[in-house]
Every structure is written in structure tokens, then in C-alpha cells.
Amino acid sequence: PLAVMAIRHRHMKRDKIIFASISVLLLTGWTSFKNDTKYSDDFLEFWTDVKDNYAYFDKKHTDWNKVKTVYLPQAENAQNENELITIFENALEELYDNHFSLNTNRQTSTRLVPTGLDVWAEWINGKPIITEVRKGFSADKAGVKNGMEIVSINGIPIEQAVNNRIGKCIINIDTEVKNYALRQLLAGTYLTQRVIVVKQNGKTITINLDEANGNLTDTYKYNSLLDFKTIDNNIGYIKFNNSLGQTDVIQHFDSALYQLKNTKALIIELRETPSGGNSIVARGIMSRFISTEMAYQKHVLPNDEKKFKIKRSWFEIVSPRGAFIYDKQVIVLVNNWTGSMGEGITIGFDALGKAKIVGTKMAGLNGAINGFQTSKTKIPYSFPTEQLYHIDGTPREIFSPTNLIDLTNSKYKEMEDPILTEGINIINANK
């Protein structure tokens with residue numbers, strides 16, 4: 001009996017240990033396991049959404065399967081949602097697409113391009129050259145000029161900084177990849193001041209891009225949805241202040257157009273529309289310049305063809321509206337901060353045959369975006385699910401103005417606003 005009691009005591013002791021161990025697992029390890037599963041499940045959901053819906057895989061050099069191999073283990077080891085957001089940010093940069101973004105950010109996040117960028121640069125003949133400076137923003141106030149060659153950023157030689165920024169899953173490093181990385185670096189984060197070293201006329205200059213900005217979290221404030229006036233001997237001028245996503249701007253546009261209806265020509269200023277907008281506003285604007293329904297852009301849904309082997313595409317139509325049609329000459333001004341729906345309006349005016357386009361190349365944002373959200377952490381993200389084209393078949397993101405302006409050309413050096421000047425000259429030459 002004593003032996004039996006001893007055995008029972010050992011069994012009870014063992015059961016207590018097992019129960020205690022299970023309790024510990026429930027309170028600690030199992031909970032941790034649940035968190036790991038939450039983050040990895042959401043990463044897989046994000047990765048699958050992109051795999052099934054992203055519209056530009058055919059134009060990218062990205063191994064998306066490798067993205068899962070590289071970043072899923074990081075998601076499994078994430079300790080909190082901030083870490084997961086960083087993993088998402090790094091993964092989406094593998095597609096080097098400025099129209100792909102998380103709809104959330106932290107102080108360490110890179111500012112959106114082009115909305116949060118104030119200086120445009122690109123690789124020309126193997127050198128990173130500043131090709132345009134955003135008027136009125138910090139880089140402009142700091143003295144950055146077109147044509148400057150970038151030597152370094154925040155103490156790191158620019159070639160090295162760009163190479164460090166390029167994703168791990170990109171198979172072919174071409175100029176598009178390097179330009180994306182360069183502009184991400186120039187956009188910077190909300191926490192760190194951007195200091196660049198540049199060459200100009202044989203001299204080396206150090207410039208703090210944020211010195212004039214003060215608070216790095218400040219954003220540019222507009223006083224109105226649009227501005228309008230008469231310039232240069234009865235030319236109408238309407239400028240949209242990054243307002244193409246606000247339907248109220250249609251009424252303001254109608255009012256401005258009415259007051260400018262007797263001008264000899266009209267300039268539509270789209271150089272400060274980096275955040276894009278919606279097609280209601282786009283059609284509302286273009287509808288005042290036509291007398292019959294017309295197509296203004298083409299949509300393609302490539303994933304229907306990938307899934308069903310049946311291509312789906314369609315033309316979007318703009319219909320006439322309003323008390324009168326403005327039938328005088330129209331000039332549309334664009335630049336690198338003409339983004340998304342601004343680009344759509346531009347190719348639309350060109351397709352309708354109602355305007356001449358003057359300026360630099362535009363932001364080059366891919367397609368039409370749709371929004372998604374992870375199921376557990378509720379992290380929102382948007383990316384292009386449709387390809388967009390001019391009705392002549394030109395991809396919207398590579399469309400070039402009919403009157404292309406190279407702002408690095410020395411003949412524009414002393415001009416305050418070469419693009420506006422060229423637009424006015426075209427109007428005045430049209431006797």
C-alpha cells in the first residue's frame with residue numbers, strides 16, 4: 001500500500017507539473033504563437049492580394065515568389081504592428097511603383113512620391129541630375145536648381161545610397177529601378193533632415209533641403225481648391241491646387257470658366273496635382289469642352305486575362321454638360337507633380353483633341369488603384385489593379401507632352417517659369 005501511495009503521489013505531482021506547464025503555455029507561449037500567426041497570416045494575405053490583383057507584373061523585374069520567401073519569416077518574427085508595417089513597406093518597394101502605398105505611415109516612413117517630394121531627379125548618362133524643383137517648397141527655398149548633379153545624400157555617396165535602397169527581389173536593375181530608389185531617398189522621412197551635396201558649374205555645394213521647412217511634418221497648405229485669373233492680354237488661367245479628389249472643385253471650376261468665357265484662350269494648370277483624384281472630377285472638367293460624347297482613356301484589366309485567358313478592356317466616356325462649351329484654344333500645363341488623375345485629364349484632353357500639352361514628363365504613376373486591408377491587423381494598402389492607356393494605345397505612365405520642356409536646358413536658366421511662358425507663346429503665335 002505504501003508503494004501504491006508513493007506511485008499515486010508521483011502521478012499527481014506529474015499531473016500538476018503538466019497542468020502548470022500547459023497554463024504557462026496558454027498565458028505566454030501560446031499567446032505569442034497567436035501573435036506570430038496573426039502577423040504572418042496578414043502578410044500572406046497582403047502578398048496574395050498583390051499576386052492576384054497587381055496590374056503591372058508584366059512590366060516589372062520582380063520575383064514576387066521570392067518576396068514571400070524573404071519577408072514572410074520576418075513577419076513571423078514581428079513583435080508588434082509597427083514592425084509589420086515596416087516589413088510591408090520594404091516588401092512593396094520590391095515593385096518600385098509609386099502608385100503602390102500603405103494608407104498608414106509612421107514617423108520613420110518615407111514620404112509619398114510625388115506628393116511628399118519637392119525635388120525631382122533622374123539618372124542621365126550615368127549621373128543623378130536634378131531635373132525639376134517644386135516651386136514654393138523647401139528644396140526651392142533652399143536654393144536647389146535644375147541641372148545640379150547629386151554627389152551624396154546624408155553623407156553617403158549617392159550611388160551607394162541608391163544601391164542600398166534597391167530591393168532584394170529585383171532581377172534586373174535598370175534605370176527605372178534606380179530612379180525609383182533615388183526619388184525615395186530624396187523624399188526622405190518625417191524624422192531625418194535631408195542634406196545633399198551637389199555639383200554645379202564645377203563647384204561642390206552642401207544643401208540642407210529641410211532647413212527652410214522647420215518642422216519636417218509640415219505639409220503645404222493651399223488657400224483654395226483652385227485659383228483663376230486673366231493674364232497676358234486676355235488669356236484665361238485656372239490652377240488646380242491638388243484638389244482633383246474633391247468633387248466640390250467642379251462647382252468652383254464651372255464658376256471660374258463662366259467668368260473666363262470671353263477670354264481668347266485658356267490655360268489649365270495641372271502642375272500641382274500630385275495626389276491625383278477621381279474620374280468624376282476629371283469628366284466634370286473635360287465635359288465643358290466637347291459637344292458630343294467622346295472616349296478619353298482606355299482601361300485594361302490584365303488579371304482577367306491571366307485567370308480566364310480572356311482579355312477585358314474598355315474605353316471611358318466623357319459626356320458634354322453645362323450652359324456653354326468653351327471652344328477657344330486650350331493649353332494644359334504639366335510637370336513631374338502632375339499625378340494619377342492629373343495624368344488622366346491630360347491624356348484625356350489630348351485624346352479629345354481639345355488642348356496642347358506643355359511641360360515636362362508627368363509623375364508616371366501606374367494605372368487605377370483599388371484599396372485593400374488585412375483581416376487581422378487592419379493595415380490598409382492601395383495598388384494599381386487596372387492598366388490605363390491613351391486611346392491611341394500609349395500607356396498613360398509614359399505619355400509625353402506634345403511640347404516637351406527640358407528644364408535643364410541653359411536657355412531656360414533665367415526664366416522664372418519656362419513652362420507657363422511656353423504656353424503663352426503658343427497661344428500668342430496662334431493668330
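**View 1. Lining of the second largest pocket.** Strand S2 (119-124) and helix H6 (175-187) each contribute at least two residues to the lining of the second largest pocket, and H6 gives the largest share, four residues. Helices (H or I, at least four residues) and strands (E, at least two) are DSSP runs numbered from the N terminus. This is a predicted model, in which local features need pLDDT of at least 70 and side-chain atom pairs count only at pLDDT 80 or more, while totals for chains, interfaces and linings use all residues. Residues are numbered from 1 along each chain as its sequence is written, and side-chain values use heavy atoms, without hydrogens and water. The pocket holds about 820 Å³. Of its 31 lining residues, Trp-120, Arg-183, Lys-361, Met-362 and Glu-397 are the closest to the centre. A pocket is an open set of points on a 1 Å grid over the protein atoms alone where a 1.4 Å probe fits, with protein on both sides within 12 Å along at least five of seven lines; lining residues have an atom within 4 Å of a point.

**View 2. The largest pocket.** Its volume, the space filled by probe spheres set on the points, is about 1,000 Å³. Among the 41 lining residues, Val-133, Lys-135, Asp-140, Asn-146 and Glu-416 are the closest to its centre. Strand S3 (127-133), strand S6 (195-200), S9 and H11 each supply at least two lining residues.

**View 3. The open sheet.** Six strands are ordered S8-S9-S10-S13-S14-S17 with mixed pairing, where two strands pair if DSSP finds at least two bridges between them. The edge strands are S8 (226-231) and S17 (403-404). Parallel strands S9 (235-240) and S10 (265-269) are joined by five bridges; Tyr-237 has Ile-267 in S10 as its bridge partner.
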